Every structure is written in structure tokens, then in C-alpha cells.
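User: I'd like a close look at one part of this model and what it packs against. Please keep it plain and connected.

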Amino acid sequence: MAVINEVLYMDHKGESQRAIEKSLGISRNSIRKYLKIARKHGYGDKVNVNDLIDIAAKVSEIIYKDKGRSSEIEGELKPLR
């Protein structure tokens, strides 16, 4: 969940997906998937920074439920190579 929280925090600060990718070492596809799910659960420009942890927890729960499978995301999350 820490990575998801960091993705949301960096995006909220205005960091580009490329900068997040380089900083955290995860693919932009994974970043896009995290942000897509987060938006469905209240993440946006006007969200309070303190709410990011709760939203990250929801995203993490969705991604990792049922042994890493979720109907809300398509494909596999792949590490950056």
C-alpha cells in the first residue's frame, strides 16, 4: 500500500507519471491503473491530502483482493524493467 499511497501523493503534488515512474520504479501502466481506481473512490484535484491514505487503502484492497485479482483492473501489474 505504501507505493500506492506514494503514487497518489506525488500525483496530487503535480508530478508527471514519468517522474513517478522513475522515482518509484513502477510502470506507467500500473500508475494509470492505480489512479483510475482511486478516482472511482473519491480521488481528485480537490481531495484533502489527509484523505489520500484512506483512498490508497481502498485501491490496495481492490488490487490485492482474491489473491491479486480484481474485476476493476485489466491485465497484470508489471514492475518497471
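Analyst: Of the 81 residues in the protein chain, 32% count as buried (under 20% relative accessible area with a 1.4 Å probe, protein chains only; exposed is over 50%, partly exposed in between). This is a predicted model, where local features need pLDDT of at least 70 and side-chain atom pairs count only at pLDDT 80 or more, while totals for chains, interfaces and linings use all residues. Residues are numbered from 1 along each chain as its sequence is written, and side-chain values use heavy atoms, with hydrogens and water left out.

The chain has 4 helices and 0 strands (DSSP runs, H or I of at least four residues for helices and E of at least two for strands, numbered from the N terminus). Read from the N terminus, that gives α-α-α-α.

Let's zoom in on helix 3, which covers residues 28–40. Its 13 residues reach 18 Å from first C-alpha to last, close to the 18 Å expected at 1.5 Å a residue (that is, 1.5 Å times one less than the number of residues). Within helix 3, the buried residues are S30, I31, K33, Y34, L35, I37 and A38. After helix 3 comes G42, with a positive phi near 105°.

Now for the partners. Helix 1 (residues 2–12) packs on helix 3 at about 80°, with the axes 10 Å apart (lines fitted to C-alpha atoms over the stretch in contact, angles from 0 to 180 degrees between N-to-C directions). That angle makes helix 1 roughly perpendicular to helix 3 (65 to 115 degrees; under 35 is roughly parallel, over 145 roughly antiparallel, the rest oblique). On the helix 1 side, V3, I4, V7, L8 and D11 make the contact, and they meet I31, Y34, L35 and A38 of helix 3 (heavy atoms within 4.5 Å). By class, this contact has 8 nonpolar, no polar and 1 charged residues (nonpolar: Ala, Val, Leu, Ile, Met, Phe, Trp, Tyr, Cys, Pro; charged: Asp, Glu, Lys, Arg; polar: the others, Gly among them).

Helix 2 (residues 17–24) comes in too: its axis and that of helix 3 approach within 9 Å and cross at roughly 115°. Helix 2 is therefore roughly perpendicular to helix 3. Here Q17, R18, I20 and E21 of helix 2 touch R28, I31, R32 and L35 of helix 3. The residues of this contact split into 3 nonpolar, 1 polar and 4 charged. I31 and L35 of helix 3 turn up in the contact with helix 1 and in the contact with helix 2.
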